[in-house]
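Good morning, and thank you for coming.

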Amino acid sequence: MEDPARQAALDTLRAVRQRDAYANLVLPGLLRERRITGRDAALATELAYGTSRALGLLDAVLTACSDRPLSEVDGSVLDALRLGAYQLLRTRIPAHAAVASTVDLVRAELGSGAAGFANAVLRRVTEQDEAGWVEEVAPDEDTDPVGYLAMAHAHPRWIAQAFAEALGSRGEPLREALAADDARPLVHLAARPGECSADELAAMTGGDVAPYSPYGVHLEAGAGDPGDLDPVRERLASVQDEGSQLCALALTRVPLEGSDERWLDLCAGPGGKAVLLGALASLSGASLDAVEKAPHRAELIRKAAGELPITVHVGDGRDSGLPEGGFDRVLVDAPCTGLGALRRRPEARWRRQPSDVAPLARLQRELLTAALGLVRPGGVVAYVVCSPHLSESVGVVADVARRTGAERLDTREYFPGVPDLGSGPHVQLWPHMHGTDAMFCSMLRRPA
């Protein structure tokens, strides 16, 4: 290939559009298959993920620059236009190189007619920088600040509104949250307790010890596939956001009276928190049961667990068949919209819809209610979602606590050293405040 990096990025965009594929699953395979490494791999990653992340903004600009609706533009041409517009608006690639390379890709696949159209559209894009286009295509900032910030930071308006409601602000805090969510995140690793320390993992990977998790390490983005790192392949570490680590650790820090030997992860796949909890359970003489509905995800947990004291059950957490009151600590890492991890799933923000929230919230309430039945009196349940949406977070906890009589603990106590945790009793982490995904965590105790 004459331009392997851009071709890989373009093929990734096509897979996302045609097959609803995930960019972070498609691109690494293409890079390995085509033996793209070094600077070309870094460029392909930046272009594929960045274009996917900025899709709404790019489409608004392309609409303003095209003489036909985007719905009438050939899908392959539209993929290339998005790729070219991203280079023009959000990279330092010279405009002439961005336009010429994109037009060449279109010509090679679709011929001179499509290439001429792409050339005309992209030359119009070059007439303004990103800030100029935002002022043209975004709602008025004074009359619709949420809509303006949503466009400026490439988020659907309904997601920006959900962030605003969780933050209690439509001003600077919302701007900072959306900007952080629109930036390429660092890679977070978790050292396996009892096998490797954070200091050792940082030395092995060239990363930095995380600020809050005692097992966390941060790596610069674009350093390649973290799954290829020796410590990860040797099960000394795993790829896991620091916020996820903190939520799992918080469950283990709540003091209990009586037994503390039986732990449960009720929604365990694909196993990141289960492995961390299993390693901590092993160190303290406890054991962990892990429930996962999908058989292939349950198998992932078994493989990741190795020799850890984890028993995996295939089943629905709402009706697991496990003994009522049989566990001392229970984690409910519930299925959710994932709005808190959009920076790591570049295309997800454009796939999710407001209609997704209500059925997920119903499922979350059912899972949390089941967990409170599985934990013994006096035991503790951690409710965790990777979403700041109030309907998935405080709304679920308040409703279940009211119906079951569960005691809501001040969760902030179990996040030692983490600043800016608000007024409680729950914890809401944020990328712009804590450098983590926007994880929500609430601790509940079953009445004795």
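A disulfide is a covalent bond between the sulfur atoms of two cysteines. For the search that follows, a pair of cysteine sulfur atoms counts as a disulfide if the two are within 2.5 Å. Please keep in mind that this is a predicted model.

How many disulfides does a search of the whole structure find? The search finds zero. Two cysteines show why. In Cys441, the sulfur lies 4.3 Å from the closest cysteine sulfur, which belongs to Cys247, and this is too far for a bond. Cys441 is also buried, its relative accessible area being 0%. For Cys336, the closest cysteine sulfur is that of Cys386, at 5.7 Å, which is again too far for a bond. Cys336 is buried as well, with a relative accessible area of 16%.

I now turn to the helices. Two packed helices are described by the angle between their axes and the distance between the axes. Helix H5 covers residues 75–90 and helix H7 covers residues 112–125; they pack at an angle of about 30°, and their axes are 10 Å apart. Because angles under 35 degrees count as roughly parallel, H5 and H7 are roughly parallel to each other. Their crossing is right-handed.

Which residues meet at this contact? From H5 come Val77, Leu81, Gly84, Ala85, Leu88 and Leu89, and from H7 come Ala114, Phe117, Ala118, Val121, Leu122 and Val125. By class, the contact of H5 with H7 has eleven nonpolar residues, one polar residue and no charged residues. Thank you for your attention.

Definitions and conventions
Residues numbered from 1 in each chain as written. Predicted model: local features only at pLDDT ≥ 70, side-chain atom pairs only at ≥ 80, totals over all residues. Heavy atoms only, no water. Axes fitted to C-alpha atoms, helices over the stretch in contact; angles between N-to-C directions. Helix = DSSP H or I, 4+ residues; strand = E, 2+ residues; numbered from the N terminus. Parallel < 35°, antiparallel > 145°, perpendicular 65-115°, else oblique. Left-handed = near helix turned anticlockwise from the far one by under 90°. Contact = heavy atoms within 4.5 Å. Nonpolar A, V, L, I, M, F, W, Y, C, P; charged D, E, K, R; others polar. Buried < 20%, exposed > 50% of the residue type's maximum accessible area, 1.4 Å probe, protein only.
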